[in-house]
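Biologist: Could you walk me through reading ring pairs and burial in a model like this one?

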Amino acid sequence: MTRHDEINWLAQSLKWSARLVSSGYLAFFLFMLIAHLIPPGEPFGTLTLRESLGFVFVGVYFLGNLIAWKAQGPGAGIGLAGVIGFCFAVAPKLHLPLWMVVPCLLYLAAAATHVFSRARP
């Protein structure tokens with residue numbers, strides 16, 4: 001296996017790891033949302049502005065992860081923007097939720113590795 005093949009394999013591994021993790025996050029989030037909307041669950045009630053913004057930024061986060069399936073760099077950037085916006089909107093006193101950043105960082109690493117593998121044949 002040549003150095004180029006090793007780098008390409010690493011890029012593919014990072015990309016598929018990010019896809020797996022982000023899909024797991026999406027499945028968990030959708031499960032929680034659906035479980036909350038089923039009749040025995042508590043109704044949402046009126047959302048505050050912060051809560052509404054939080055939902056918007058979570059949507060931006062998942063949209064970024066979806067875009068990252070085809071374009072890792074831009075999608076990871078959008079996902080990170082969603083995480084940062086969520087932190088400022090919902091919980092400015094809390095630290096950055098690192099579990100949400102993991103797929104974005106994996107996508108960024110995959111994009112950087114892919115660019116590096118193209119730069120050096």
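Predicted model: local features only at pLDDT ≥ 70, side-chain atom pairs only at ≥ 80, totals over all residues.

Biologist: How many aromatic pairs does the structure hold?

Modeller: There are four aromatic pairs. In one of them, Trp16 and Trp69 sit 6.0 Å apart, centre to centre, with 80° between the planes. Planes over 60 degrees apart count as edge-to-face, and that is the label for Trp16 and Trp69. This pair links distant parts of the chain, 53 residues apart: Trp16 is in helix 1 and Trp69 is in the loop between helix 2 and helix 3.

Biologist: And what is the geometry of Phe29 and Phe62?

Modeller: Their ring centres are 5.3 Å apart and the planes meet at 40°, so this pair is tilted. Phe29 belongs to helix 1 and Phe62 to helix 2, 33 residues apart. Together with Tyr61, Phe29 and Phe62 make up one aromatic cluster.

Biologist: Which residue lies over the face of Trp16?

Modeller: That is Arg19, at 4.5 Å from the ring centre.

Biologist: Now burial: is Ser22 buried or exposed?

Modeller: Buried means under 20% relative accessible area. Ser22 has 4%, so Ser22 is buried. Beyond its neighbours within four places in sequence, Ser22 is in contact with Asn65, Trp69, Pro103 and Tyr107.

Biologist: Where is Val60 placed?

Modeller: Val60 is in helix 2. With a relative accessible area of 28%, Val60 is partly exposed. Leaving aside neighbours within four places in sequence, Val60 is in contact with Ile78 and Gly82.

Key:
Residues numbered from 1 in each chain as written. Heavy atoms only, no water. Helix = DSSP H or I, 4+ residues; strand = E, 2+ residues; numbered from the N terminus. Buried < 20%, exposed > 50% of the residue type's maximum accessible area, 1.4 Å probe, protein only. Contact = heavy atoms within 4.5 Å. Phe/Tyr/Trp six-rings, centres within 6.5 Å; stacked < 30°, edge-to-face > 60°. Lys NZ or Arg CZ within 6 Å of the ring centre and 35° of its normal.
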